[in-house]
Amino acid sequence: MTTPFRHPLAGRRALVAGAARSGIAAARLLRRHGWDVTLCDRRAADAAPEAARALAAEGVALAWGRDDAALLEGHDVLVWSPGIPVDHPLAEAARASGRPVLGELELGFRAAAAPFVCITGTNGKSTTTDLVGALLRSTGRRVEVCGNIGRALCEVASEVPADGLLVVEVSSFQLETVDLLSPRVATWLNLTPDHLDRHGSLETYAATKARLFARQGPQDDAVLSADDPVVAACHEGRARRSAFSTSHAVPEGAFLDSADVVLARAEGRERLMPRSEVRLPGPHNTANVLAALATVLPFDPDREALRGVLRTYAGLEHRLETVGEWNGVRFVNDSKATNTDSLRVALQSFPRPVVLIAGGRDKGQDFAPLAPLVQRAVRRLVLIGEGAEPMSRAWADTPQERAGSLAEAVRRAYEAASPEGAVVLLSPGCASFDMFRDYEDRGRRFKDEVRDLMARGEWS
C-alpha cells in the first residue's frame, strides 16, 4: 500500500514535463499513487531515454515531440523538470489556468513520510550532502541520499520510514517550483555568481536559494555559512539558527579553531578532532566538513562515530579526483567545477604548476576576475567548447591553445606538462552541455582519455 501524500494534491491526472531522471521518477511515483499520468518531452521518441519509453508498460501516456499548452487539457497538475526554465510557455499556461506547477522536489516532499535534511549552495553541495548522509548513517538510522545527487528524490521518497531521514541535495532550479517544502534541517553553504543566464541576477539567485527556509518552523533548524555575508543575512522562515565558519567561532554549529574542529552547542564547546585527522583535503573541504557537522548536530550523533566517518570519508568522483600520476605528471578530474568559484578553489589547491583544461557551455559568467590567479597558477591553458573564446579573452596574458575535442585536449595538456611534472587539471569552469551529456559524462570521458593515452604508451 502506497503511503498517502502528507499534503494532498487536488485531482488525479498529472502532466509531467521532461523525460529525464526527475521526470521519470515523478511519473512512476504518481502512478504508484493511482494517478493518470502523461509524460511529455520535446524530443522525439528515438532520442528519449529507454527508461522513459519503458513507462508505457507502466500505464504512463507518452507525448513525444511536444511541449505545447494544448497538453494541459484533461490534466489537473503540471509536474515540472528543473532542467526547463520556469518561464516556458507550457508552465506559464498552466499557471494562467490555475493549475499547480510543482517540481519533482515538491512532489517528493508531499509523498514522503521521513523528515528532510536539505543542502543547497553554489559550490560543495554534493560532497557535503554525501558526507551528511555518511555521518547520519553512523547513528544507525535509515538514510537515503538523493535529489540533485545520485537517485532522484521521487525514486526513494516513499521507501524511507518516518523514523528515517531523506538527505537531499537541492539546486536553485528545483527551488523555483516548491510550495510547501519544509525541511527538518536546511543548510545553505555559500553563494557565488552562477546560473545567471537562468536567474538573471545574483539577487534573484539568492532569493531563490532562500526559498529553502521559507516554510520552516520553530521546531526546525537552519544552518547558514557565517563566512558568506549574503547567506548569513538570510532571515527566511522561523527555524532555530546555527552556523559554520572556517575563520571564527560561532555560538551554535561548527567552526575551525586554530587546527581543531570544534562543535558549539548552547551547553558549551567541544573539540571534536584535529583538522589534520580529517581525510578530505583542501580548504574548501574544511568548510564542507564544518557545514556537514553543523547539519547533523540537531540529531545529537555519537561523537566517536563522527570521528570515525571523518577519518575515512574520501569524497566523491569528479571533485578534485586524482586519476593517476605517470612520468611525474598528475592528472586530476574536477569536472564538477561548472562555475568560476569552483575553478578558483581548484587552482588554489595545488602547489605545483597547472596545465588547465577549461571551457564548455558559458553561463554568462565573468572570467576576468580570475585572471591574476590563472596567470600565477597556470603554466598553459588548453581551452575547449563554447566557453573557449570568452576565457581566452579574459586570460589573454596566459599561454594558451585550443583543442577541438577532449582527447586532443588531454594529449596537448600532457605534452605541455611533461617533463617538468605539472598537474594536468580538468576544471572546466563551465557547464558540460555543449559537448557532453552532463559533468559526470565529461569527467568519465576525461578519465578514459587519460587511460587510453597511457595504454598507447605515449608516456615517454
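In which loop does Ala113 lie? Ala113 sits in the loop between helix 4 (104-111) and strand 6 (116-120). Helices (H or I, at least four residues) and strands (E, at least two) are DSSP runs, numbered from the N terminus. The model is predicted, so local features need pLDDT of at least 70 and side-chain atom pairs count only at pLDDT 80 or more, while totals for chains, interfaces and linings use all residues. Residues are numbered from 1 along each chain as its sequence is written, and side-chain values use heavy atoms, with hydrogens and water left out.

We begin with the whole chain. The protein chain has 17 helices and 20 strands. Its C-alpha trace spans about 65 × 60 × 40 Å along the principal axes. The radius of gyration is taken over C-alpha atoms, and the globule rule is 2.2 Å times the number of residues to the power 0.38. For 460 residues, a compact globule would have a radius of gyration near 23 Å, and the 23 Å of the protein chain agrees with this.

The next topic is burial and surface. A residue is called buried under 20% relative accessible area, exposed over 50%, and partly exposed in between (1.4 Å probe, protein chains only). Buried residues are 55% of the 460 residues in the protein chain. The accessible surface of the protein chain comes to about 18300 Å², and 50% of this belongs to carbon and sulfur atoms. Accessible areas come from the Shrake-Rupley method with a 1.4 Å probe; for residues, only the protein chains shown count as cover.

Contact means heavy atoms within 4.5 Å. Among contacts in the protein chain with a separation of 6 or more, 64% are between residues 24 or more positions apart. The chain also carries 56 positive and 60 negative side chains, and the centres of the two sets are 2 Å apart. Here Lys and Arg count as positive and Asp and Glu as negative, while His and the chain ends are not counted. The place of a charge is taken as NZ of Lys, CZ of Arg, CG of Asp or CD of Glu.

Now to the interior. A nonpolar core is a set of buried Ala, Val, Leu, Ile, Met, Phe, Trp, Tyr and Cys residues joined through side-chain atoms within 4.5 Å. The largest nonpolar core has 54 residues, of which Leu30, Leu105, Leu107, Phe116, Leu166, Val168 and Trp188 touch the most other members. Helix 1 (residues 21-32) gives the largest share of this core, six residues. A second, separate core has 37 residues, including Leu136, Leu263, Leu290 and Ala292. Leaving aside neighbours within four places in sequence, Trp188 is in contact with residues that include Thr120, Ala206, Phe213, Val231 and Phe244.

Leu90 is in helix 3 (residues 89-96). Leu90 counts as buried because its relative accessible area is 1%. Not counting residues up to four places away in sequence, Leu90 touches Leu15, Ala17, Cys40, Asp67, Asp68, Ala69, Leu72, Leu78 and Trp80. The C-alpha atoms of Leu90 and Val231, 141 residues apart along the chain, are separated by 33 Å.

We return to Ala113. Ala113 counts as partly exposed because its relative accessibility is 37%. Leaving aside neighbours within four places in sequence, Ala113 is in contact with Arg6, Ala157, Val160 and Ala162. From Ala113 to Asp257, 144 residues apart along the chain, the C-alpha separation is 38 Å.

Other loops follow. Asp46 is in the loop between strand 2 (36-41) and helix 2 (50-53), and at 71% relative accessibility Asp46 counts as exposed. Asp46 and Trp64 are 18 residues apart in sequence and 9.1 Å apart in space, C-alpha to C-alpha.

Most residues other than glycine have a negative phi. Asp300, not a glycine, has a positive phi of about 50°. Asp300 lies in the loop between helix 11 (283-296) and helix 12 (303-312) and is exposed, with a relative accessible area of 54%. Asn327 also has a positive phi, near 50°. Asn327 is in the loop between strand 15 (321-326) and strand 16 (329-333), and at 44% relative accessibility Asn327 is partly exposed.

Not counting residues up to four places away in sequence, Glu408 touches Arg402 and Ala403. The C-alpha atoms of Glu408 and Glu449, 41 residues apart along the chain, are separated by 9.1 Å.
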